[in-house]
Each structure stands twice: as structure tokens, then as C-alpha cells.
Amino acid sequence: MAFVNDDSAEGSAQEKDTPLNPAAPDLYTVHDTSEAATRNVWRMREDLWEYLSYTADKVGTGLAAEAEEHLHREMLQVLKRLDLVEGYWAHPGLAAVEELRQLIEERDFAALAEAVEAIKHYRRRTPEGSPNAFADGAGDRGGQRQEGRPRFEVLLVDDCSPEDGAVFVQDMFRQRRPQDPFIYDINIVPSFEDAIAALLLNGDIQACVIRPGFQTRSRRPLEGDMREFVARNSPQDLDPGRPIQRILKLAEKIAELRPALDLYLVAGVSIEKLGGSLTSHFSRIFLRADSLELHLSILQGVNARYETPFFTAIQNHSRRPGGVFHALPVSRGGSVSSSKWIKDMEEFYGLNLLLAETSATSGGLDSLLDPHGSIREAQRLAARAFGARQTFFVTNGTSTANKIVHQAMVAPGDVVLVDRNCHKSHHYALLLAGAKVAYLEAYSLNGFSLYGGVPLRRIKQMLLDYRRAGRLDEVKMLALTNCTFDGIVYDVERVMEECLAIKPDLVFLWDEAWFAFAGFHPIYRRRTAMAASQALERKFRDPSVREQHQAQAAELFDPATGEPCDDELWLETRLVPDPAKARIRVYSTQSTHKTLTSLRQGSMIHVYDQDFAGLSEEAFREAYMTHTSTSPNYQILASLDVGRRQAELEGCELVHKQADLAASIAEAIEHHPLLKKYFRILNTLELVPAEYRKTDSPTPMLDGLSRMAEAWQNDEFVVDPSRLTMYIGATGVDGDTFRHRYLMDEHGIQVNKTSRNSVLFMTNIGTSRSSVAYLIEVLVKLAESFEAATAALSPRALAAHRAHIARLTQGAPPLPDFSSFAAKFRSDAVLPDGCLRTAFFETYTPDSCDYLTESAVRERLLRGQEVTSAAFVTPYPPGFPVLVPGQLITSNILDFMAALGTREVHGYDREHGYRVLRTAGLPVEP
């Protein structure tokens, strides 16, 4: 069992290697690998309960005595394992485990089968008066059935006696009423460490009640990884005689791990004094006798997250009778329901979709462009959920969200530092804004044809270059992608902190299109833009930071002249900004529809800008008006509202499962003898060079959450474990062919991205264990087909096949860096920025452009002439330009494009070649 120490469970050595079902060992074996301990408890627990359901149906049905005895022992073994897990759940919980144990020992198999079935479908009522902990409606007034209402758990942290705990539970259950919108169960843990474990493992917990009597250390045996994670998140110096200190520490840790939870304190005396010192940490403070108020507060707190103002408004609108005398014939199904020819639209989409179609001018609903009602409230709730100061809904994707932020923040002539490999929407936005663009280079992984992230040292060097040239005041914004398409994640807080030490008013735009889910997991969260902004704001309020800055400034500036010291010292030092000058101005754009629940093109802009009201609000409003349709899709807006509700209430659990399922795919490929012959999941050591890591775990997620937390705390770059870059070079099939022919066409498996020798798989909050099993099944079938095809090749064909594999796995052309802008589009000869807008609009002049084939471009380069791109050339996916208007084309870029093998390349004409400016022909400068 993954949760128990090797020396803490009686008989564990014998039990470890015993399959739970000899007839189907692969299906029912619960693997006891410590690497998977923390992350896959949910899968293990599901399997244990499923196995009990399986065996409960088998025993007592006339099996041979030996077989029945074997199943009897197996069930008791499973219950031993559940003893170590169920304490972190109220349902079914340890009481249910003990009751099942008694039934098994009494060999009352009929009652056992009934009890297991009740647990499996625990919303079904058990007989009235049953003491079962898993009985739905236990303690409800009037014996009312409690069907159809969402159910959650409340965690009570208190080292109380069983009798005292039972009194608390019964007092709370007596407050239940049929009209309550939700049902909750109560789980009691005795210590700080047990609370951390429960909050990490149990996604059903929606509220936490603390009483002062809890202990610090857990008395439960915890497996190594869980023990390390809990220790990492538990204080080591708590004074037993200072309960306020312990309460505050626990409250702070809960807010860090699960910030969406409601937190309540139940104290015995002096709550008036406690209220003054603890108000910011707790939703409310109660006396022990205030069961009704606590009950109502818990329900109200969950309901505040459950509310979906705009989704509710649009539902209400669809139910009202009315007449349509404006544009939008489809509204209320008018042009569809009465049609003889398109009735199938209503049959397919349903009448509700048509009834909900409306316009902001119809009344009763809010306007996206001028929200004052339900949309405004929905955006406020989203800001709370994502940790932003303001949030804005976008109904035409993050491409538009990026354009809004760029236009709002950047004026013509402002310098923007931007990752050259960012999504094309940034390049187009900077073109429209008239910015001077200085491209930053990410580290490259040439063997896999992948880019990583932009190292912090390069960002600092660019800022220092502008400072040395006297142009730092022109630099307005830094735009980076977090996380990248391939799952490379920045240390966002450190990047912003060190950049602000050089330029205190720098604006940050973090494109988190593929990272919207990250704010709802305790490890992921710290590397999101909004969480990092909150952390910096707290840090800058700490007086010690000012002292650190002053001490560092004495080393970084010449005391005689006040001028900065050598750049190398600045590059090697972890910089501390001046908290009196640094302003936190951060924008994050997220594709809710990509990684959370939303209809297609549903996105959000999250703002954490301390100067928004004074400097940016009006410009942002105009930019929002510029790029937002006056006829937004209200169904997209409603789905954003619902997606936020889901993320707040079950995001932690769903994201944890998402990452775990990805890890299970990696494990399957690594351990299957045929799969690992043809496929390999690239690990952290391959995707993040050693110079950007302090940890050395190849797969931190597989090593447990403690290892993952260590890497995400300390490394400059980490890899999102839900992104799996599968190296396929050994198959002899390029990535594009593998994606379209083998995955999509033959098996219906969709993937987002390929490189010449890799395929990117992504799990998400909707990924199921069945879909993971199907993917593994497909990969096995493909590996078998490759094996058979290779075995059937003639010697000559085999040699050709091996040569093709060599071309995919060796000697790939290096990924091209940004060459430079042509001289006429650059600001000066020293710094790299250039004006995309000038180059782009030069192409509007008649006869300004030519088309040149690859060979024609190479001929000009051999003659020493410059060739300047007139267009964006963008392989898709991933959607970042290899060339931009005004950029010099080089032989390295041509080599890369020739080897790319991507079917869809925007801006490149396969017949005529590259579109270039006729200003080419100038000699190349030495």
C-alpha cells in the first residue's frame, strides 16, 4: 500500500506481491510503488472499492470453499489498505470500513453485498435509523431523501475524543433542512499534518473548521513521499502553549494550498478578542454552541462559489415568454422551429440553445461592452477565483485577448521585449500597435526540434543593454508564454522580481493560454501570473525586503558615481527590487476553453495592475471596445461563468487527476517492452538543460508530489506533467504523418502539435481513465504494426528504413534564431528592436514585393545580397512565426523550413515561394 511505511503494516511484505485477483492480476493488482504514492491515491482508492464490489458479488454464491476463503482473505487485505486512506475522507470513511470488516468476519455476505452497493451509490438512502457513516441523509430532519443536490465534505481539525466528535457531527446534522441547497459530510482529523494530507488528497472538501485543540504531528503512518510533502508544508517550531500561533499557521497554509476553501474557527472563549486578530484569515469565528450559524455559513460560503450570475440570468431569460422584433431571427427558435428544412438544427442542438439566443438590447441581460449586472458580477467572481484584481471575459479567443492587452499598454514607439516563439497573435498585435519589437531567444532543443523558454539571464541582459544605451525608458513591456505549447513553465515570480530590480515600472504580459487550470492546484499555482503577483505584493510589504535591497544596492552601484557596476555582476546576482519604486503591473491571458470548461473561443484577461485605475483603465476600455464584438455569443459567456464555478469547487481534484493520468501514460510506455522500443516520453532532464535546474529528477511527478514541489520551488524552468512529448524517431515516421495518418485517421485520437520527430499528448480535466487505456491500447497496436512491418522488409528496404530513421533522429538542422530586422526597419545599429508595422505596410505600396522560391533566395544569399521577408511565415501548429515582416531571411531559416515537413504553413506559397520586399539586393554588412 502506497501510504504505509515498510515497517508499519503487519504482514505487508507478504501482501505486497499478492495480486488481489489471481484470475485477473493486471486488472485488480494495487501497485505498491512509492513513486506513485501521493499522486495516484485517488486511482488506488477507486480500484480498492471497485475490487470490494467485485468480490462482494462473488462470495456466498456457491464458490468452492478454497476460492471463497481466498476471496475472504483478499477482502480483509483490501480493508487494511483502506484503513490507511479512508481517514482523509468522510465518505465512505473509516466507520464504513469497520462495518464491512465486521460483516466479512461474520461471513454475512448478503449484508456485505448490500452495504458495498450502498457505498458505491451512496446517494441512495439506507434504511432509516442506520448508523452507517455513508448513509445519505443521516441526521436529516423528517427522514427526507436528499437526492439531486451537490454533496461535499467539511474538514474539522481538532484532536477531540470520538464522543466529542460525534456530538459535533450530530449537532451539525440536526441543522439540516430539506430546503438546504447542498448536503455535506464531516470528516475529523486530529493534527496539522493530517489536515495538510486531507486537503491535498480529498477534492471533496469545500470548507474547513478549526478548533484550537488540534495537534501538530500526525499519528498515522504516512508513506515516504506523503510524509516529505506534509513535512515540507508543516512548521517545525510550533509552541504547544501558543494556540493562536498554531491556528494562524494552519490558516495560512490552508489558504496557500486551497485558497478557494472557506475557513471557520470555533473557539470556546474570548472570540471577541480573536475576531480582531484573525478576521483576515477566517470567514467567521463561532462559539461552540453556534451550530446553526456555522451550518448556515458553510452552506452560504459554498453557494457563493456555486453562483453563476450570468448563466442563471440567461436561463431565466430563456424561460420568459416574449416577442422578437429586432435582428437575430434565430432568437427563441423563430427561424428554426417553424422551418420545414432546418428542423434538424433544433433536434441536434436543442430548443434551449435557441431560446437563450438574444441580444444585449433585449433587456433582462447585461452588456459585455458595458457590464453593470450579471456579466459584471460573473467577472468579479472570476477575478476572485483566479486571484486577479479584475477579470474580463473574451468571446473570440486568447488571440483577441492578447491584442486587447497590447493595444491598451503599448503606444507607437514603445519597445516591447517578446519571446520570438510566442503565438502569432502577439506579433500581429505589436504590428497594429506600432511597437518597436525586440525579440528574445528561447533555449533550443535541436534534437527534438523544440524551443524551451527564454532564460532569465537573457531577459536581464536585454534590459541592461537598453539601460547602457540610454534607452531603458523606452522599454514598456515584457511578453512571455507561460506555459509553452510543449509544457515549459517559467518561475514567474522570480522573472518579474528581477526585472523590476532593473526597470521598476515594467509591464508584464503572460500568455497563459494553455495554463488556465494551473491556479487550482497547490503546486502549479505558485507559477501562475496571478499567484506570483500576489506573492510579490506581500513580499514588497515586508520591511526586510527594503533592507535586502539597500544592502544589495551598495554592491551593485559604484558608491563614488552612483552608476551601476559591471553588467556581469547584475547578471550573476539574484536581484532584489526597491519595494518603494517597484510597481506590480501584470496581465494574464487565458484560454478557458483550452484547459477548463468553456465553449470554444471562451477566454479571460486577468489583471493585477496596481496602476490600472490611474494609468491604464481608459486605454484598456478603448482596446476592449476595439476588439470585442458588439454581438458577443452569450452562450460562450455563460459557459465561462459555469467553468469558473467548476474550477473553484472541483478544480483541485480535477487538475490532480489530470496530471496523474498523464503520469500513468508515461509509466505505461516506460515499462512496456514493445512500447519503449518505438516510443519515449521526453523527461525533464531532456527538456530543461542542467543550467536551468537545481533538481535532478527526470520525472518529478512520477517521483511523487514532494519531488515535484521541490522542482517547482527551485528550478528556473519546469515541465508541466500533463504535457507528454512522445519521441517517435525510432518508428521512422515523421510527426505530421504520425498525427494525421496513424492517430487521427485510423484511430480518432486528436493531438495538438507535432515536431519532425515528436508528438505532444495533453491530458485535461475531462480526460478519463478509459481514454487513457484506449490511447495505450492504440500505441501498442501501432508498435505491433511497426514491428511486423520492419520484420517483413527486405535487406535493401530495411537499410532504407534505417536511413530514414537516422534522418529523423540525427543531423536535424538547428532551430533558427531571429536573424535581425533589415537596417531600414531598425531603431539603431546596436539594439535589436525593429518596427513590424513599417515593414508590413511597406508591402501595401504597388510593386513593392516579389515571390522567390527557396533556390532563388539561396542564390541571392550566395551573391551577398539581403533578402527581406514581406510576410509572416508561420508553421501551424504551433503557430509562431519563423519569419516576420522586415526580417532578413538566412540560409539557416531555409534549412529549417525545408526539413520541417509541416502541412500547414501560413504566409508561404508552396508554388511561388517566399514573399519578399524588393528592397532586397543590398550587400550584406560585414
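Visitor: Which residue of β8 stands opposite Val-418, and how should I read such a pairing?

Guide: In general, the strands of a sheet pair through backbone hydrogen bonds, and the pairing is either parallel or antiparallel. In this structure, which is a predicted model, Val-418 stands opposite Tyr-439 in β8. The strands β7 and β8 run parallel and are joined by 5 bridges.

Visitor: In what order do the strands of the open sheet with β7 and β8 come?

Guide: That open sheet has 8 strands, in the order β6-β15-β14-β13-β11-β7-β8-β21, and its pairing is mixed. The edges are taken by β6 and β21 (834-835), each of which has a single partner strand, so one side of each is left without a neighbour in the sheet.

Visitor: Which strands form the open sheet whose pairing is antiparallel?

Guide: An open sheet of 4 strands, in the order β16-β18-β20-β19, is paired in the antiparallel way. Its edge strands are β16 (680-681) and β19 (753-755), each pairing on one side only. Within this sheet, β18 and strand β20 (residues 758-762) pair over 5 bridges in the antiparallel sense, and Leu-724 stands opposite Phe-761 in β20.

Visitor: Where is Asn-757 found, and is Asn-757 buried or exposed?

Guide: Asn-757 is found in the loop between β19 and β20. Because its relative accessibility is 0%, Asn-757 counts as buried. Leaving out residues up to four places away in sequence, Asn-757 touches several others, including Phe-448, Met-726, Tyr-727 and Leu-808.

Visitor: Which residues form one aromatic cluster with Phe-392 and Tyr-624?

Guide: Tyr-587, Phe-612 and Phe-620 belong to one aromatic cluster with Phe-392 and Tyr-624. A ring can also have a charge over it: the charged end of Arg-45 sits over the ring of Trp-89, 3.9 Å from its centre, and that of Arg-176 sits over the ring of Phe-173, 3.8 Å from its centre.

Visitor: Why is helix α19 largely enclosed by the rest of the structure?

Guide: Of the 10 residues of helix α19 (residues 424-433), 7 are buried, so the helix is largely enclosed by the rest of the structure. Those buried residues are Ser-425, His-426, His-427, Ala-429, Leu-430, Leu-431 and Ala-433. Their cover includes α18 (397-409) and α34 (836-842), along with the strands β7 (415-419), β8 (436-440), β11 (475-481) and β13 (507-511). Just after α19, Gly-434 takes a positive phi of about 75°.

Visitor: Which residues touch the most other members of the largest nonpolar core?

Guide: In soluble globular proteins, nonpolar side chains tend to be buried together. Here the largest nonpolar core has 137 residues, and Leu-100, Leu-112 and Ile-210 touch the most other members. Helix α27 (residues 634-671) gives this core its largest share, 9 residues. Another core, of 75 residues, lies apart from it, and Val-454, Met-462, Leu-472 and Met-530 are among its members. As for Leu-112, its contacts beyond four places in sequence are Ala-56, Val-59, Met-75, Leu-100, Leu-103 and Ile-104.

Visitor: How many helices and strands does the protein chain have, and what share of its residues is buried?

Guide: The secondary structure comes to 36 helices and 25 strands, and buried residues make up 55% of the 926 residues in the protein chain. Among contacts between residues at least 6 apart in sequence, 73% join residues at least 24 apart.

Note on methods:
Residues numbered from 1 in each chain as written. Predicted model: local features only at pLDDT ≥ 70, side-chain atom pairs only at ≥ 80, totals over all residues. Heavy atoms only, no water. Core = buried A, V, L, I, M, F, W, Y, C linked by side-chain atoms within 4.5 Å. Buried < 20%, exposed > 50% of the residue type's maximum accessible area, 1.4 Å probe, protein only. Helix = DSSP H or I, 4+ residues; strand = E, 2+ residues; numbered from the N terminus. Contact = heavy atoms within 4.5 Å. Phe/Tyr/Trp six-rings, centres within 6.5 Å; stacked < 30°, edge-to-face > 60°. Lys NZ or Arg CZ within 6 Å of the ring centre and 35° of its normal. Pairing = 2+ DSSP bridges.
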